[in-house]
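Visitor: I am new to this structure and would like to learn how to read it. Could you take me through it, feature by feature?

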Amino acid sequence: MLNETFTLSNGVSIPKIGYGTWMIEDSKAAEAVKKAIEVGYRHIDTAQAYQNERGVGEGIRSSGINRQELFVTTKLAAEIKNYAEPTDAINASLDRLGLDYIDLMIIHSPKPWAAFQEDEHYFEGNVAAWQALEDAYKEGKIRAIGVSNFEQADLQNLFDYGTIKPMVNQILAHIGHTPFDLIDYCQKNHLLVEAYSPIAHGEMMANHEITAMAEKYHVSVPQLAIRYCLQLDLLPLPKTVSMEHMKNNADVSFAISEEDMTHLKGITMNDYGSNNEIPVFKRAATK
């Protein structure tokens, strides 16, 4: 499964399962990324906000794998809502990663994190930041550009005022919280949807309905969750520092029946435990 790819709207191939590095400390990121690459992951996801680009880059460079075989994503800080700042921010990411180019760069959020619960969409600022990403894309610094946490109105704003459509929208999506209308809108507009926190930041492990379904298929809950995303044509981004779990997360060649997919789509799960105050989880929990 780690060798399978989606094709973005600009023709660039992207591995179907990514390795997420959210909440992995910079000092531990190099070893985690090296292990993921050793297992077979070729798609590594980081962000300026994670403050671990240096470690991620070290892991990539020391992996022994040719750079061209890897797909590296990072994200423009959510607080940047103008044209001037992204150029320096992109160059800083390249420097921290120690790479000559980034495979995919996305705007991390349509709103600054401190304003994530507010109604303001920052339309003008997002267009300005998007134009800077378009320019970096045209210059060859970035192979593909996209967004994260964008709702339909935020996407339509870029469709109306940008010159290049986003190729990706990375969103919170998992069993129990699958924003079907947004996913459908993205896919109809040829955006690949990436699913971060596909295991609900671990809280899914305590859901008896989901664990029972995993037992039915003789798989782990993370395997069921990742397979669910793949069958919806979503690109899951599981995160773990355990090599055993990395291998388990990639072993998803089974198929969930149509009947069971329908059942899983109907599950509601909006409690993220101790993580409920994280902006993206707080928003999902209140919907």
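Visitor: Which residue in β5 does D45 stand opposite?

Guide: Strands of a sheet pair through backbone hydrogen bonds, parallel or antiparallel. Here D45 faces T73 of β5. The strands involved are β4 (residues 43-45) and β5 (residues 71-76), which pair in the parallel sense over three bridges. Two strands count as paired if DSSP finds at least two bridges between them; strands (E, at least two residues) and helices (H or I, at least four) are DSSP runs, numbered from the N terminus.

Guide: One note on the source: this is a predicted model, where local features need pLDDT of at least 70 and side-chain atom pairs count only at pLDDT 80 or more, while totals for chains, interfaces and linings use all residues. Residues are numbered from 1 along each chain as its sequence is written, and side-chain values use heavy atoms, with hydrogens and water left out.

Visitor: What is the order of the strands in the open sheet?

Guide: The eight strands run β3-β4-β5-β6-β7-β8-β9-β10, with parallel pairing. At the edges are β3 (19-20) and β10 (234-237), each pairing on one side only. β10 runs parallel to β9, joined by four bridges, and V193 stands opposite L234 in β10.

Visitor: Which way do the residues of β10 point?

Guide: In a regular strand the side chains alternate between the two faces of the sheet. In β10, L234 and P236 point one way and L235 and L237 the other. All four are buried, meaning under 20% relative accessible area with a 1.4 Å probe, protein chains only (exposed is over 50%, partly exposed in between).

Visitor: And how do I read empty space?

Guide: Rolling a probe the size of a water molecule over the atoms shows where empty space is left. On a 1 Å grid over the protein atoms alone, a cavity is a set of points where a 1.4 Å probe fits but cannot get out; a pocket is an open set with protein on both sides within 12 Å along at least five of seven lines; lining residues have an atom within 4 Å of a point. The largest pocket holds about 650 Å³ of space. Among its 32 lining residues, W22, S197, H201, L237 and K239 are the closest to its centre. Helix α9 gives the most to this lining, three residues.

Visitor: What lines the largest cavity?

Guide: Its lining is P110, K111, F116, H121, N149, E151, D154 and R283. The volume of the largest cavity is about 50 Å³.

Definitions and conventions: Grid points are joined across faces, edges and corners, and a volume is the space filled by probe spheres set on the points.
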